Amino acid sequence: MSDPVSLTAGAIATIALQKFLESGAGKLGEKYTMEAIAKMESLLKRIWTKLRGKPRIEEVKASVEKTQKITPEQINQIAAYLQVAMDDDPQFADEIRLMAQEINAGKLQDNSNMVQNVTGDNNMNVQAKAEQGGKQWIAEKQYFGTSESD
C-alpha cells in the first residue's frame, strides 16, 4: 500500500474518475471491490464540492456528466486545481489522500496465469503483464550456439 502523503493530485483525480476512464461499470467491477467503487463516488463528490465555482472545473464536470467519459487532458486540468486546493487546505489534502488510499486497498489482485510457448532457435521471448499505468519489467536472455557437451 502506498504512503498517503505520496498520492499526488493527479493520482487522486484519476482514482476518483476511474469509472469515466473505464468502458463501463462492468470493467470497473473487475478491478475494484464494490466498497471501493462506492468510495470513488464519495471521493469524487468531495472533490467536486471543493472545486465548485471554478469555471473551467464546472465545464469539465458538465462534459463528464453529459458524455460519461473523461480525457487525460481533463484529468490534468482537474489535478491542477486540486493541487492548489490541497496546498491551501492541508486537512482537505489529508482527507482525500486517505480516501484514495482506501480505494487502492480495495483494488482486486490479478492472479491470472501467463503462458509462454517458445519454439525455434535464437528467439527472443518476452512475457510481460502490468496493470493500466503500471510498469513492465522485461528480462532478456540470449543463447548462442551452446551444445549439451559444453
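Visitor: Why does Glu 35 count as exposed?
Guide: Its relative accessibility is 54%. Exposed means over 50% relative accessible area, buried under 20%, and partly exposed in between (1.4 Å probe, protein chains only). So 54% puts Glu 35 in the exposed class. Note that this is a predicted model: local features need pLDDT of at least 70, side-chain atom pairs count only at pLDDT 80 or more, and totals for chains, interfaces and linings use all residues. Residues are numbered from 1 along each chain as its sequence is written, and side-chain values use heavy atoms, with hydrogens and water left out.

Visitor: What makes Glu 35 and Lys 39 a salt bridge?
Guide: Their side chains meet at 3.3 Å, N to O. The rule asks for a side-chain nitrogen of Lys or Arg within 4 Å of a carboxyl oxygen of Asp or Glu, so the pair qualifies. Both residues lie in helix 4, four residues apart, about one turn of the helix. Helices here are DSSP runs (H or I, at least four residues), numbered from the N terminus; strands are E runs of at least two.

Visitor: Why is Lys 39 called partly exposed?
Guide: Its relative accessible area is 25%, so Lys 39 falls in the middle class.

Visitor: With which Glu does Lys 39 form a salt bridge at 3.6 Å?
Guide: Glu 102. Lys 39 is in helix 4 and Glu 102 in helix 7, so the pair ties together parts 63 residues apart in sequence. Salt bridges with shared partners join Glu 35, Lys 39 and Glu 102 into one network.

Visitor: How many salt bridges does the rule give?
Guide: Six. One of them links Glu 41 and Lys 19, with the closest N and O atoms 2.5 Å apart. Glu 41 lies in helix 4 and Lys 19 in helix 2 (residues 18-21), so this pair ties together parts 22 residues apart in sequence.

Visitor: Why does Gln 74 count as buried?
Guide: Its relative accessibility is 12%, so Gln 74 belongs to the buried class. Gln 74 is found in helix 6. A polar contact of 3.3 Å joins its side chain to that of Ser 63. Such a contact is a pair of N or O atoms within 3.5 Å; within protein, one must be able to donate a hydrogen and the other to accept it, and residues adjacent in sequence count only if both atoms are side-chain atoms.
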